Amino acid sequence: KPLPDFVLHKPPYTEAKILIAGENFGCGSSREHAPWALLDFGIRCVISTSFGDIFYNNCFKNGILPIRVTQDDLDKLFDDAERGANATLTIDLANQEIRGPDGGKVKFEIDPFRKHCLINGLDDIGLTMEKKSSIDDYDAKLKKERAWACSCCPIVLREPRSHRGSFVKRRRRGCGLTSSLSGTARSTGCG
């Protein structure tokens, strides 16, 4: 149930995409749940003078832009926000600018790699998938050079069941290697 006195539950702020916050925002929020909650509310950018380190990093991992500004710039943005429906802010990530309702601009810094990820909608999985062809090439090379280490065939190992020397078979993923603890091994190849 919405809290009637909470600013983000009052029009026009119910549609806010940018949150202007006090210093050390997100301190104590060591899990991704804090950025998730902001995303669920529709927040895509948080502006403050400082952030909790873990929260700051988790914002980028979840597609939220955390912007650090000076206290003077933050005070100006708070003043702009008090204009209600006339308090439209625009974030220009490409040019690293916050544009206020009066046409004023606040520049901000951002790590170039994180900027690239946000502009291109890349998370950790997306970054990995950008390298898919290189990963596939490496995987093919590895299968040729180290077929014995391939994970596509089962490995059967014999292990002692007890101190009496009887053996039990155990299976794990591998490349057709059959081995006993006596050190003898036989490769059945990779199919």
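This is a short chat about a predicted model of one protein chain.

Q: What helices and strands does the protein chain have?
A: The model is predicted. The protein chain has six helices and ten strands.

Q: How much of the protein chain counts as buried?
A: The figure is 30% of its 191 residues.

Q: And the accessible surface of the protein chain, what does that come to?
A: About 12,700 Å². Carbon and sulfur atoms hold 53% of that surface.

Q: What share of the contacts with a separation of 6 or more is between residues 24 or more positions apart?
A: In the protein chain, that share is 39%.

Q: New topic, the largest nonpolar core. Which residues touch the most other members?
A: Val 46, Ile 47, Leu 65, Ile 67 and Ile 98 do. The core has 28 residues.

Q: Which elements give two or more residues to this core?
A: Strand E1 (18–20), strand E2 (45–48), H2, E3 and helix H3 (71–81) do.

Q: Which one gives the largest share?
A: H2 does, with four residues.

Q: Let's do rings. How many aromatic pairs does the structure hold?
A: Four. One of them is Phe 51 with Phe 55.

Q: Why is the pair of Phe 51 and Phe 55 called stacked?
A: Their planes are at 20°, so the pair is stacked. The ring centres are 6.2 Å apart. The cut-off for stacked is under 30 degrees.

Q: Are Phe 51 and Phe 55 buried or exposed?
A: Phe 51 is buried, at 5% relative accessible area. Phe 55 counts as buried too, at 1% relative accessibility.

Q: What about the rings of Tyr 56 and Phe 60?
A: That pair is edge-to-face, because the planes are at 80°. The centres are 5.1 Å apart.

Q: Which residues do the ring pairs link into a cluster?
A: Phe 25, Phe 51, Phe 55, Tyr 56 and Phe 60.

Q: What lies over the face of Tyr 56?
A: Arg 68 does. Its distance from the ring centre is 3.9 Å.

Q: Now Asn 62. Where is Asn 62 found?
A: In the loop between helix H2 (53–61) and strand E3 (65–68).

Q: Why does Asn 62 count as buried?
A: Its relative accessible area is 18%, and buried means under 20%.

Q: What is Asn 62 in contact with, leaving aside its neighbours within four places in sequence?
A: Glu 32, Pro 35, Trp 36 and Leu 39.

Q: How far apart are Asn 62 and Glu 32?
A: They are 30 residues apart in sequence. In space they are 8.1 Å apart, C-alpha to C-alpha.

Q: What joins the side chains of Asn 62 and Trp 36?
A: A polar contact of 2.9 Å.

Q: Which backbone oxygen lies 2.8 Å from a polar atom of the Asn 62 side chain?
A: The backbone oxygen of Asn 58.

How values were computed
Residues are numbered from 1 along each chain as its sequence is written. This is a predicted model: local features need pLDDT of at least 70, side-chain atom pairs count only at pLDDT 80 or more; totals for chains, interfaces and linings use all residues. Side-chain values use heavy atoms; hydrogens and water are left out. Buried means under 20% relative accessible area, exposed over 50%, partly exposed in between (1.4 Å probe, protein chains only). Contact means heavy atoms within 4.5 Å. Accessible areas come from the Shrake-Rupley method with a 1.4 Å probe; for residues, only the protein chains shown count as cover. A polar contact is a pair of N or O atoms within 3.5 Å; within protein, one must be able to donate a hydrogen and the other to accept it, and residues adjacent in sequence count only if both atoms are side-chain atoms. A nonpolar core is a set of buried Ala, Val, Leu, Ile, Met, Phe, Trp, Tyr and Cys residues joined through side-chain atoms within 4.5 Å. Rings of Phe, Tyr and Trp (its six-membered ring) pair if their centres lie within 6.5 Å; planes under 30 degrees apart count as stacked, over 60 as edge-to-face and the rest as tilted. A charge sits over a ring if NZ of Lys or CZ of Arg is within 6 Å of the ring centre and within 35 degrees of the ring normal.
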